[in-house]
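Dear colleague,

Please find the structure below, followed by a short account of what was found in it.

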Amino acid sequence: MQRVKVLIVDDHAIVREGLKAVLQIDPRLEVVGEASNGKQAIQLARSLKPDVVLIDLIMPVMDGIEATRQIAAQCPLSKLLVLSSYPEKDLVERAVAAGATGYLLKHSASGEVLRAIHQVYKGAAFFSSSVARMLSAGSGTVGIPKSPSSTQLTPRQNEVLCLIAEGNCNKEIAKDLEISIKTVEKHRQELMTRLNIHTIAGLTRYALAKGYVSGERTKTEFELAQQSLPAAPSVRPPKSRRAAA
């Protein structure tokens with residue numbers, strides 16, 4: 001079994017130790033390194049080539065925002081997942097703009113942290129439920145490009161967008177809609193072109209802001225994920241999108 005390699009970045013040793021203990025619960029994950037500041041994180045990301053970088057934002061020497069930006073540019077295969085104590089809109093906006101594909105709060109349950117790591121590793125965006133609710137509120141919308149109000153999506157594009165926002169990878173979307181992975185990729189590219197949004201995180205924020213997926217729905221999926229942690233990553237939560245509709 002190929003494990004997901006995780007680099008932990010936080011300036012508090014006790015936090016790093018706690019995160020290592022949490023990640024050891026899941027045999028599909030492997031902690032390959034630790035860093036106490038952004039500068040160390042960049043150096044370790046270059047040498048260790050982690051699949052996921054779990055990174056704090058407020059750190060000495062170099063903060064997590066700048067470290068995220070440089071790691072995203074220098075190690076494009078590494079996914080960046082923020083774990084912060086601060087839910088402020090400005091920090092979320094800056095982290096996502098720098099290249100983060102997920103944003104967790106430090107009071108998150110251990111199951112949510114594990115779920116988030118697997119989701120961002122697969123290329124999906126992932127936000128703590130309170131952050132998702134903030135993004136879904138009109139006044140708290142973060143980093144969504146302006147698009148014409150007349151923009152209309154096809155029924156199939158709406159389905160693909162919803163599934164992307166729910167954290168599904170291309171393979172899972174293809175299975176759910178009974179289409180090929182190449183067709184999913186085509187729909188995703190058409191969505192990005194039509195909405196002028198060019199990242200999965202951006203599509204997720206758009207879907208949250210437009211009400212395609214609610215914060216409460218996201219929270220329910222987090223709870224389902226915690227119940228199914230021992231299962232393989234490819235196993236989806238027991239409640240399907242159609243069943244929930």
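How many helices and strands are there in the protein? There are twelve helices and six strands, taken as DSSP runs (helices H or I, at least four residues; strands E, at least two) and numbered from the N terminus.

This is a predicted model, in which local features need pLDDT of at least 70 and side-chain atom pairs count only at pLDDT 80 or more, while totals for chains, interfaces and linings use all residues. Residues are numbered from 1 along each chain as its sequence is written, and side-chain values use heavy atoms, with hydrogens and water left out.

Of the 245 residues, 49% count as buried (under 20% relative accessible area, 1.4 Å probe, protein chains only). The largest nonpolar core has 31 residues; such a core is a set of buried Ala, Val, Leu, Ile, Met, Phe, Trp, Tyr and Cys residues joined through side-chain atoms within 4.5 Å. Val9, Ile71 and Tyr103 have the most contacts inside this core. Helix H4 gives the largest share, five residues. Leaving aside neighbours within four places in sequence, Val9 is in contact (heavy atoms within 4.5 Å) with residues including Ala35, Val53, Ile55 and Met59.

The axes of helix H8 (residues 170-177) and helix H9 (residues 181-195) come within 8 Å and cross at roughly 105 degrees, the axes being lines fitted to C-alpha atoms over the stretch in contact, with angles from 0 to 180 degrees between N-to-C directions. H8 and H9 are therefore roughly perpendicular (65 to 115 degrees). Asn170, Lys171, Ile173 and Ala174 of H8 meet Ile181, Val184, Glu185 and Arg188 of H9 in this contact.

Yours sincerely

Notes. Parallel < 35°, antiparallel > 145°, perpendicular 65-115°, else oblique. Buried < 20%, exposed > 50% of the residue type's maximum accessible area, 1.4 Å probe, protein only.
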